[in-house]
Amino acid sequence: MKRKNLFYLTIIGALALTSCGGDKGDVVETKEEATPTGDVTEGDITLTAAEMEEASMLYFDRCAGCHGSSRMGATGPHLLPDAPEGNNAPGTKILGAAGLKAFIENGTPGGMPEWKGILTDDEIEVMTRFLQVTPPVIPPFG
Ligand code: HEC
């Protein structure tokens, strides 16, 4: 019995080596260079892992207090791509980059502060993309 198992293992090992030995190195390389975990693409919106991290921190610092750490809404409306059922706010996909930018830059008399001059143009641009994709899962606090 034991010997037979060993025999099969050897065969399987040999097969594995011949079938994907050559590609293995390439796959690993690509993983390290071009596909860091955490890049996000939804529809035609893309954020690199670094942009996701930057925007998450910005959001947490500047926006979460009023819009909720999971973007579900608090004193301010939710900022999810699609409106949850029964919620009046349209969802960030409908607002789109231009609509989001206008809200963020100018604020509203209804309690949304204006961020032009506080956030850089680049930060606002990343935020408009961040708000259109599914919020990252927030690790539970203590
Ligand atoms: C002081 C609380 C507060 C903070 C901080 C805040 N917001 Fe708001 N935000 C609001 C309120 C209140 C509204 C609703 C305004 C209205 O209806 O006139 C709003 C509306 C919005 C809207 C329009 C949403 C919709 O569906 O109408 C967007 C987009 C938005 N905020 C993004 C942001 C972003 C991005 C940040 C961080 C940079 C941020 N907000 C920080 C209170 C806040």
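These legends accompany several close-up views of a predicted model.

View 1. Welcome to the overview: the chain holds 5 helices and 2 strands. Followed along the sequence, these elements come in the pattern α-β-β-α-α-α-α. Of the 142 residues in the chain, 14% are buried. If you look at contacts between residues at least 6 apart in sequence, 40% of them join residues at least 24 apart.

**View 2. The shell around the ligand.** Here we turn to the ligand, which is surrounded by 21 residues. Which residues are the closest to the ligand? They are Cys63, Cys66, Gly76, Gly110 and Gly111. Two elements give two or more residues to this shell, namely helix H3 (64-67) and helix H4 (92-106). Sorted by class, the shell is made up of 13 nonpolar, 7 polar and 1 charged residues.

View 3. Arg71 has a positive phi of about 65 degrees, although Arg71 is not a glycine. Most residues other than glycine have a negative phi, so this backbone is worth a second look. Is Arg71 buried or exposed? Arg71 counts as buried because 23 C-beta neighbours lie inside 10 Å, and the cut-off for buried is 20 or more.

**View 4. Helix H2 against helix H5.** In this close-up, helix H2 (residues 49-62) packs against H5 at an angle of about 95 degrees. The axes of H2 and H5 are 9 Å apart. The two helices are therefore roughly perpendicular to each other, a label that covers angles from 65 to 115 degrees. On the H2 side, the residues that make the contact are Glu51, Glu54, Ala55, Leu58 and Tyr59. They meet Glu123, Val126, Met127 and Phe130 in H5. By class, this contact has 6 nonpolar and 3 charged residues, with no polar ones.

**View 5. Asp121 in helix H5.** Our last stop is Asp121, which belongs to helix H5 (residues 121-130). Why does Asp121 count as exposed? Asp121 has 10 other C-beta atoms within 10 Å, and a residue is exposed if that count is 12 or fewer. Glu105 makes a handy reference point, as its C-alpha atom is separated from that of Asp121 by 9.1 Å. Along the chain, Asp121 and Glu105 are 16 residues apart.

Terms used. Residues are numbered from 1 along each chain as its sequence is written. This is a predicted model: local features need pLDDT of at least 70, side-chain atom pairs count only at pLDDT 80 or more; totals for chains, interfaces and linings use all residues. Helices (H or I, at least four residues) and strands (E, at least two) are DSSP runs, numbered from the N terminus. Two residues are in contact if their C-beta atoms, placed from the backbone, lie within 7 Å. A residue is near a molecule or strand if its C-beta atom, placed from the backbone, lies within 6 Å of it. Ala, Val, Leu, Ile, Met, Phe, Trp, Tyr, Cys and Pro count as nonpolar, Asp, Glu, Lys and Arg as charged, and the others, Gly among them, as polar. Axes are lines fitted to C-alpha atoms, for helices over the stretch in contact, and angles run from 0 to 180 degrees between N-to-C directions. Angles under 35 degrees count as roughly parallel, over 145 as roughly antiparallel, 65 to 115 as roughly perpendicular and the rest as oblique.
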